[in-house]
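Student: I have a new structure open and would like to learn to read it. Where do we begin?

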Amino acid sequence: MGKITGFIEYEREKQPYRPITERLGDWRQVMEPWPIEPLKTQASRCMDCGIPFCHQGCPLGNLIPDWNDLVYRDQWLEAIHRLHATNNFPEFTGTLCPAPCEGSCVLGINDDPVTIKAVELSIIDKAWENGWIKPEPAPVRTGKRVAVVGSGPAGLAAAQQLARAGHDVTVFERDDRIGGLLRYGIPEFKMEKRVLDRRLEQMAQEGVVFRPGCNVGVDMDPRDLCSDSYSVLLAGGATDSRDLPVPGRELDGIHLAMDYLPLQNKRCEGDDIPDGEFISARGKDVVIIGGGDTGADCLGTAIRQGAKSVHQLEIMPKPPNSRAPDNPWPEWPRIYRIASAHEEGVERVYAVSTRRFTGDGNGHVKGLELVEVEMKHEDGRLQFVEIPGTDSVLPCDLVLLAMGFLGPEKTGMLEQLGVELTQRGNVKRDPNWMTSVNGVFTAGDMQRGQSLIVWAIAEGRSAARGIDRFLMGASDLPAPVE
């Protein structure tokens, strides 16, 4: 425990961000690094609880009280060892994870929780700055081969674990660059891609082979991987976007979020995207349908592109500012949150549903008809019921649909392999992370459904243990999720 009275003496401080006027002029990351001394003060608020519920909140089982104490004592090298013991990529989670650990922090019962996420990110940043992150190739090779399909956080975590266990690992990715949603779903202002690239370089030096631009199920038969490799991991994510089938959906100017965000990321990478193919918000009235993280990513992107106005719509009612009685600690607090993009300019509209899109006569969207809704229990189900007399029209000439994902794409790879699916349409697995096809495993959103990056990494690590056990009969790899 860093300081016995730290949680009494010090209040939680807010993450430092670059000024809005400055960050809107570029695509660089909005967060600023914490100064060391204030960060140590924040780490000292950790109470080293007898039962640290932050462990319960973290799917990775991060040793949070340990590295909070080590940061407070300036023992940064030991802190990164503790952090890497459970997490392959703390720079990803420290930047992108919504921090369910903080929602479970015991201090959060009657005070603001410890800034766990900020301490985590500062540890890994300091480790990179000091050259402590080096390749860790396996001392002995097993001769066993593993094909990983999908290069998001689940696939990358599994690939690194398996390579360090001595297996020959090849990662297949259908996009032109490795990284999955980390590459093309997360805007540059949220996480600069140099952060991803340096990890990929480490993994390459550990023996992982990357094959971007290879769409398994289209460019190659996935059954060939089963014959050429000793095992296969399906980690392609939940990429079937939820659409909005209302009248007018066919109009130009209405796009899925994952058709919009990757184009800007490609331009940030230096790719030449012709204006005719690029989706830009410059000078437009933009409406984003969906109030989650993807909607916020669209918001920050649209503002930087020069949008005239932005409205973000959410069918759910506005959350309360503090926990409701039916949302007690240590559950994830369902409260009103403001992302960095929300600070940059948006009107958030809650409890509304889109009836139809209207066009301008030339086939382009010019507005959408809204109606307010309320949640009611009808026929034993919670439903959204329209409130009579609350119709309105919202002008727009660009609509971005950010309403989440329905699960993995069924055609192509999954269909060809013939893997069994769950009732929800995700890939079914057994306790050893194997699918219904012998030697074929799965992890991440492909088997869980749309979820958090911390779950993806945890499941990638667990699936790696399952594969290692399948290939070798036993495994010494750690696994946070069984």
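**Reading the chain, step by step**

Tutor: Begin with the secondary structure. The chain has 18 helices and 14 strands. Its radius of gyration is 23 Å, close to the 23 Å that the globule rule gives for 482 residues, so the chain is as compact as a globular protein of that length. Keep in mind that this is a predicted model.

Student: What does the C-alpha trace span along its principal axes?

Tutor: The spans are about 65 × 60 × 50 Å.

Student: What percentage of the residues is buried?

Tutor: Buried residues account for 51% of the 482 in the chain. The cut-off for buried is under 20% relative accessible area.

Student: Let me try one helix. How should I read α10?

Tutor: Think of the helical turn first. An α-helix has 3.6 residues a turn, so residues three or four places apart point the same way. Now the case here. Helix α10 runs over residues 153–164. From first C-alpha to last, α10 reaches 17 Å with its 12 residues, close to the 16 Å expected at 1.5 Å a residue.

Student: Is α10 mostly covered or mostly open?

Tutor: Mostly covered. In α10, 11 of 12 residues are buried. Among them are P153, L156, Q160 and L162. R164, in contrast, is partly exposed, with a relative accessible area of 24%.

Student: Which residue with a positive phi follows α10?

Tutor: That is G166, with phi near 105°.

Student: Now charges. How do I read a salt bridge?

Tutor: Start from the general idea. Side chains of opposite charge can pair when their charged atoms come close. The cut-off used here is 4 Å between nitrogen and oxygen. By that rule there are 40 salt bridges.

Student: Which residue does E343 pair with?

Tutor: E343 pairs with R23, and their closest N and O atoms are 3.1 Å apart. E343 sits in the loop between β7 (309–314) and β8 (347–350), while R23 belongs to helix α2 (residues 20–23), so this pair ties together parts that are 320 residues apart in sequence. The surroundings can be read too. R23 is buried, at 1% relative accessibility. E343 is partly exposed, at 29%.

Student: How far apart are the closest N and O atoms of E331 and R334?

Tutor: They are 3.9 Å apart, in another salt bridge. E331 is partly exposed at 36% relative accessibility, and R334 is partly exposed at 47%.

Student: Which residues are linked in a network of salt bridges?

Tutor: One network links D176, R177, R183, D197, K266, E269 and D271.

Student: Last, a pocket. What is the volume of the second largest pocket?

Tutor: About 440 Å³. To read a pocket, look at its lining. Here 22 residues line the second largest pocket, and Q29, P33, L121, D125 and E129 lie nearest its centre.

Student: Which helix gives the largest share of that lining?

Tutor: α9 does, with seven residues. Helices α7 (90–96), α9 and α12 (193–205) each supply at least two. By type, the lining has eight nonpolar, four polar and 10 charged residues.

Definitions and conventions:
Residues numbered from 1 in each chain as written. Predicted model: local features only at pLDDT ≥ 70, side-chain atom pairs only at ≥ 80, totals over all residues. Heavy atoms only, no water. Salt bridge = Lys/Arg side-chain N within 4 Å of Asp/Glu carboxyl O. Helix = DSSP H or I, 4+ residues; strand = E, 2+ residues; numbered from the N terminus. Buried < 20%, exposed > 50% of the residue type's maximum accessible area, 1.4 Å probe, protein only. Expected span 1.5 Å × (residues − 1). 1 Å grid on protein atoms, 1.4 Å probe; cavity = no way out; pocket = protein on both sides within 12 Å on 5 of 7 lines; lining within 4 Å. Points joined across faces, edges and corners; volume = space filled by probe spheres on them. Nonpolar A, V, L, I, M, F, W, Y, C, P; charged D, E, K, R; others polar. Rg over C-alpha atoms; globule rule 2.2 N^0.38 Å.
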